[in-house]
Amino acid sequence: MSRIGKRPIGIPSGVDFKIEGNVATVKGPKGTLTRELHSLMNIAVVDSQIIVTRPNDEPFSRSLHGLTRTLIANMVEGVTNGFTKGLDMVGVGYRAAKKGNKLALTVGKSHPVELTPFEGIDFDVPAPNKILIKGMDKELVGAFAAVVRSERPPEPYKGKGIRYEGEVVRRKVGKTGGKKGAKK
């Protein structure tokens, strides 16, 4: 059983946390994040730590407890350090480029694909086959990375496509050689 919800969240210096009703606002060096949380959870600031408590021990309250704590912890982490998600492109001729504020992908389609990042998301192309997506909202960083990956997901036979950094693609064995229609 997880006990994530019971862990306090430390507020680093330079970060302001406010809770008004069920709307949490976190202000830090990278910007401001606001999120509406479920009204069942009790959130309090005690000695520069955020404590999330649940009203009862029902399964719904227990699941919300861990979720709420994780969402607030991600907001605090996002405004202090931010989040980064890396993508690797594998395949002959597959490449990415930055065109102004758009991401241009050449991934074996008849036309280059241009993607506009969500608001608050920045990206970098350090190499033609590597993309780094950055932002302070973990949910948006992951969502834009999923949009980029969906343009050419990795296929199981040759492993070509766009994959997350460190993702392991399960490979399948192709057709075996042999005479067509041979009998045993």
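This is a predicted model: local features need pLDDT of at least 70, side-chain atom pairs count only at pLDDT 80 or more; totals for chains, interfaces and linings use all residues.
Student: What is the order of the open sheet of three strands?
Tutor: The order is S1-S6-S5, with antiparallel pairing. Strands (E, at least two residues) and helices (H or I, at least four) are DSSP runs, numbered from the N terminus. Two strands pair if DSSP finds at least two bridges between them.

Student: Which strands stand at the edges?
Tutor: Strand S1 (9-10) and strand S5 (42-46) do. Each has a single partner strand, so one side of each is left without a neighbour in the sheet.

Student: How many bridges join S5 to S6?
Tutor: Five bridges join S5 to S6, residues 49-53. Val46 stands opposite Gln49, and Val45 stands opposite Ile50. On the S1 side, two bridges join S1 to S6, and Ile9 has Ile50 as its bridge partner.

Student: Which residues of S6 are on the covered face?
Tutor: Ile50 and Val52 are on the covered face of S6, while Gln49, Ile51 and Thr53 are on the uncovered one.

Student: What about the loop between S5 and S6?
Tutor: The hairpin has two residues between the strands. Asp47 lies in that loop, and its phi is near 55°, a positive value in a residue other than glycine. Most residues other than glycine have a negative phi.

Student: Is Asp47 buried or exposed?
Tutor: Asp47 counts as exposed, at 70% relative accessibility. Ser48 is partly exposed, with a relative accessible area of 48%. Buried means under 20% relative accessible area, exposed over 50%, and partly exposed in between, with a 1.4 Å probe and protein chains only.

Student: New topic. How far apart are the end C-alpha atoms of H1?
Tutor: They are 32 Å apart, which agrees with the span that the 22 residues of H1 should have at 1.5 Å a residue. The expected span is 1.5 Å times one less than the number of residues. After H1 comes Gly82, with a positive phi near 85°.

Student: And H2, which of its residues are buried?
Tutor: Val141, Phe144, Ala145 and Val148 are buried in H2. They cover an arc of only 105° around the axis, which puts them on the same side of H2. The arc is that of the directions from the helix axis to the C-beta atoms.

Student: Why do residues three or four places apart point the same way?
Tutor: An α-helix has 3.6 residues a turn, so residues three or four places apart point the same way.

Student: Which strands do the buried residues of H2 pack against?
Tutor: Among them are strand S7 (83-90), strand S9 (102-106) and strand S11 (121-127). Contact means heavy atoms within 4.5 Å.

Technical notes: Residues are numbered from 1 along each chain as its sequence is written. Side-chain values use heavy atoms; hydrogens and water are left out.
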